[in-house]
Structures are given as C-alpha cells and as structure tokens.
Amino acid sequence: MKNYFALLLFFFTSFAYAHGPVRQDTDETITINAPADKVWGIIKDFGDMSWHPAIKSTDIKGGNDKGAVRVLTLTDGGTITEELKKYDDVKLSYSYKITDMSTAKTITHAGQEEKVPVVPVGNYSATISLEPQGETTVVRWKAGYYRAYTNNNPPDEMNEVAANAAIKGIFTTGLNNLKTLAEK
Amino acid sequence: MFTLNYRVVLIALLTTASTPLTAAPFAYISNQLADNVSIIDLATNKVVNTVAVSGKPAGVAVSPDGNKVYISTPEADGFAVIDARKQQLLTTVKTSNGALGITVAPDNKRLYVADWFKNTVSVLDASNLEIIKTITVGQSPSGLVVSPDSRWLYVANRLDNSVSKIDTHSLTVKKTVTVGEHPFGLAIDSTGGRVYAVNVESDDVTVLETAAMKSIATIKVGALPYAATLALNDSRLFVTNMDDGTLSVIDTDTLTNIGLIEVGEKPEGIGTHTDDRHIYVANWFDKNVSVLDAKTLQVTETIKTDRGSRAFGQFIAR
C-alpha cells in the first residue's frame, strides 16, 4: 500500500515538471534618463519588488544571496515564489527563477481539470540587468520559459500566445514604472 | 547595366552548380524561435548559410556520409531534410505531432524519431523516409543514440526516469533501466560500451554499462543539465548546465569532475568537431555558439547564430 502511494506521488510529481516542446522568450529593454546607480538603487534588493505596480508585497528569505527566496503577493491576491540564482553588484544584474505559483483559476480541457497558474508559464527563469550609458541607463529584462500546459494541444489560457502575452505585459508595465520612478 | 548584373549572377550560379560544396565538416544549429538552421563551416567557424525550416526546428541528426541533415520540427508534426551539399531544404516528412529527438544510425540505413507526447519512437527507412515501425517506449522520450555497429538504439524516457535499450533487428525494447530524474540528452562512446544519460531534474549524469544495462556511477553536475558530448578519444565528457551557463567537464576514467567552463546563457545542444578536440555549444539565450578546446578547456570563439539556438542531437557528422 505504501508503495502504491509512493508510485502515485511519483507520477504526480513527474507530470508536474513536464513542459511543451518549444521554450519561449521575452526580451525587453527601456532607456531611462537617470544614471545607473539611481536605477540600481530602486531594483537592487531582490526582496523589494515594490517598483512593479502589479506587486503588493514581497516576503524575502536570504537577502541578495544566491538561493534567496522571495514570495511576491500580487495586487489581485495571487502569489509567485522565486529563487535568486545569480547576483552581481558590479555588473548590475541578477537572475532568478519561479519555483512555485498560486492558481488563478481551474478550467476543464480535454476532459481534465487544469489549474491555470497566476502567470501561465512553466520552467520560467529571468535576468534583469542595467547598462550604464553616461547619464542614462539601458535596462534589459529577459526571460525564458515554456507554456503552462504540459501536454499536447494546449487550451487558449495555457498556450504559447498566453504565456508570451503575460510576460510581455509584466515586463512592459514594470519597466515603464521603473522609468517613471527613476526619472522623478 | 542590367545585362551585366544578369551575367554576373548567371556566372555565380553556374560556378555554384559545377563545384559541389564539400559535405563535412559542418555544424547545423537549429534556431528554434527563428525557424531556421545556421550552417557553420568548421574550418573557418563562420556561418556560411542559413536555411529556413518552419515548425520550430529542435532536434538535429546528420547522416554519417554528411550528405543529409534531419531536423525535427515539433510544430510541423515531423522533420525536415536538408541537402547538405546544396545547403537547401530537400523535403519535409510527417511522423507525429511531438517529434523532438532524432537520430540516424551509423550504417545510414535507418532514422529514429522520438515523439515527446505519444511516447513512441518511429523507425524510418533512411533511403525512402517511410515509417517501418512505431515502437512504444517510456514517457516523454527525448534523447536518442545508436551504437556504432547500429545494433542498439538507446532512448531517454524523460518522465519515467529511465533509459531503454532497443534491439534494432526485432525493433522491440530489450531492457529498461532506471537512471536519475528526467534524463534528456544521451551520449554514447565510440565502442558502444557506455551511455551517459544527462538528468535535468537531479542535476547529474548516470553512467550506464550497455552490455548489462547497469548503472555504474552517478556524477553530480551543474543546475538543469541538458546534453553531453565526448572528446579526446572518449576521455572527457562535456555536459551543458542550462541554469548555470556552464559546462561540466568529467574525466571518464575516474568518473569525476575535473573542470567547469563558463559559456553563454542557457547552453543546450553540444557536439564534438570531427577533430575530436573542439566542442561546440548552442547558447539558447545568447543566440550564439561557443567553441572550446577540450584540451585547454578554454573558450576559443563565439559564433553568432539566431533566436533560440537549440541543436539537440548530433549536429556534426561523425
């Protein structure tokens, strides 16, 4: 009986980690009319994402050290857990990945219940970096990820189009607001 | 003026037609998000041509004679065939809609295509590209390698955490062995005695002795490893670590790590030059290929490719 449960758990875990065949990317840049140290001052703490309008609060464990974990609570109540993978105070850059997300809604697709995560992506990792250009700064935010649906023939809510639209939306909103904050 | 240009073009065309391009050595890099394949001349390390291949090209296999390149296209339900001498698309073939892993047998007689969703491997006659048989394997088959004598096919069953050995005569699964978590890329040595399975989720490599299909070692590597290649007479194994942007270097005698090399972001497909010394790595996020020397463990060159460079499989002719 114990083995049976172990097997069930195994299949469930395995299934949760699969992904679509084509990894997607989003790569956005913005030029901010402020020096890099000012922009870096706003985003440098992995545990403070208040510069993004969609984030209500951030809980952090581990500061800016590799392996630090933050839980982002969105303005609509959902949560995203992210782990810091790389942090470089000299290159003004850090990379992180999503390790967990809350469910936004449950849909029925191909006779199965599917949980649509708050951001419809899987295996998501991202890097944000600054490039000083005199009195201005180029901010680059890029991410690689798969669609949220792990099987063939995804529903509209969990396909590549949905994934790309969500990330592009998050990046554009965030970068525009960062520009506003830094140019104040 | 028009006439002159016309004549120049005509002469250029005739010259190309009368001097066929040599087949090898070239590297064929699938750029999945750009829907094309970069062809790198390994003598100069320059991209000499880019061939459009629709359907999100991913897996690559080069025929042993270097004449044909097979590119799996998961969003076009099969694979594309490139004429390597003319460096142009020859034809496309439908297999099924999760085609990803692809390989060609060393005797050039058969082609194997794994289906990521259907849990099958399609076996095709390489001479007419017709399906001979479809074999059911484990869940989410991905990496494929064939023994040097073409007798055995090995398949990484990603979601089953196993590798299967398939008899290419009877086209049945002979044995399946458990490896680490989520094996993806496979590498086989030149004797066919060992297969290395790269386990994406457990961040390690399982070393299999193929005769008994027995695991003889598990070697820790970096985060989210993807694929591997051998160099220097099978003495060193190079593994791409996607999350770290590095290659782990393993001594295949002691089965220990002997180096870590920084490459680009999200390194995926990896292959060895026909000189058995230079390693080529596709950096997915950086849209380029790193070239490194297996002896000195130094990156010697970086070659610009296109969006989503993946090059999963044997992208350089043996």
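Author: A salt bridge requires a side-chain nitrogen of Lys or Arg within 4 Å of a carboxyl oxygen of Asp or Glu. The model discussed here is predicted.

Reader: What makes the pair A:K44 and A:D45 a salt bridge?

Author: The side chains of A:K44 and A:D45 meet with N to O at 3.8 Å. The limit is 4 Å, so a pair at this distance counts as a salt bridge.

Reader: Why are A:K44 and A:D45 classed as they are for accessibility?

Author: Buried means under 20% relative accessible area and exposed means over 50%, with partly exposed in between. A:K44 has 30% relative accessibility and therefore counts as partly exposed. A:D45, at 34%, likewise counts as partly exposed.

Reader: What makes the contact of A:K142 with B:E265 a salt bridge, and why does the pair join two chains?

Author: The N to O distance between the side chains of A:K142 and B:E265 is 3.0 Å, and the criterion asks for a separation within 4 Å. A:K142 lies in strand β9 (residues 136–147) of chain A, while B:E265 lies in the loop between β23 (256–262) and β24 of chain B, so the pair joins two chains.

Reader: Are A:K142 and B:E265 buried or partly exposed?

Author: A:K142 counts as buried because its relative accessibility is 6%, and the cut-off for buried is under 20%. B:E265 has 26% relative accessibility and therefore counts as partly exposed.

Reader: How do you know that A:E160 and A:R147 form a salt bridge, and which parts of the chain does the pair link?

Author: The closest N and O atoms of A:E160 and A:R147 are 3.2 Å apart, and the limit is 4 Å. The pair links distant parts of the chain, with A:E160 in helix α3 (residues 160–182) of chain A and A:R147 in strand β9 of chain A, 13 residues apart. A:E160 is buried because its relative accessible area is 14%. A:R147 also counts as buried, at 6% relative accessibility.

Reader: How many salt bridges are there over all chains, and how many between chain B and chain A?

Author: The structure holds 19 salt bridges over all chains. The count between chain B and chain A is six. B:E268 and A:R23 form a salt bridge through their side chains, with 2.5 Å from N to O. A:R23 and B:E268 are also linked with B:R310 in a network of salt bridges.

Reader: Why is A:V119 called buried, and which residues does A:V119 touch?

Author: A:V119 has 5% relative accessibility and therefore counts as buried, the cut-off being under 20%. A:V119 is found in the loop between β7 (112–117) and β8 (121–133) of chain A. Leaving aside residues up to four places away in sequence, A:V119 touches A:I80, A:M101, A:A166, A:I167 and A:I170; touching here means heavy atoms within 4.5 Å.

Reader: What volume does the second largest pocket have, and which residues lie nearest its centre?

Author: The second largest pocket has a volume of about 800 Å³. Of its 37 lining residues, B:I188, B:T229, B:L230, B:Q314 and B:R318 lie nearest the centre. β12(B) gives the most to this lining, with five residues. The lining comprises 18 nonpolar, 15 polar and four charged residues.

Methods:
Residues are numbered from 1 along each chain as its sequence is written. Chains are lettered from A and ligands numbered from 1 in the order in which they are written. This is a predicted model: local features need pLDDT of at least 70, side-chain atom pairs count only at pLDDT 80 or more; totals for chains, interfaces and linings use all residues. Side-chain values use heavy atoms; hydrogens and water are left out. On a 1 Å grid over the protein atoms alone, a cavity is a set of points where a 1.4 Å probe fits but cannot get out, and a pocket is an open set with protein on both sides within 12 Å along at least five of seven lines; lining residues have an atom within 4 Å of a point. Grid points are joined across faces, edges and corners, and a volume is the space filled by probe spheres set on the points. Helices (H or I, at least four residues) and strands (E, at least two) are DSSP runs, numbered from the N terminus. Ala, Val, Leu, Ile, Met, Phe, Trp, Tyr, Cys and Pro count as nonpolar, Asp, Glu, Lys and Arg as charged, and the others, Gly among them, as polar. Buried means under 20% relative accessible area, exposed over 50%, partly exposed in between (1.4 Å probe, protein chains only).
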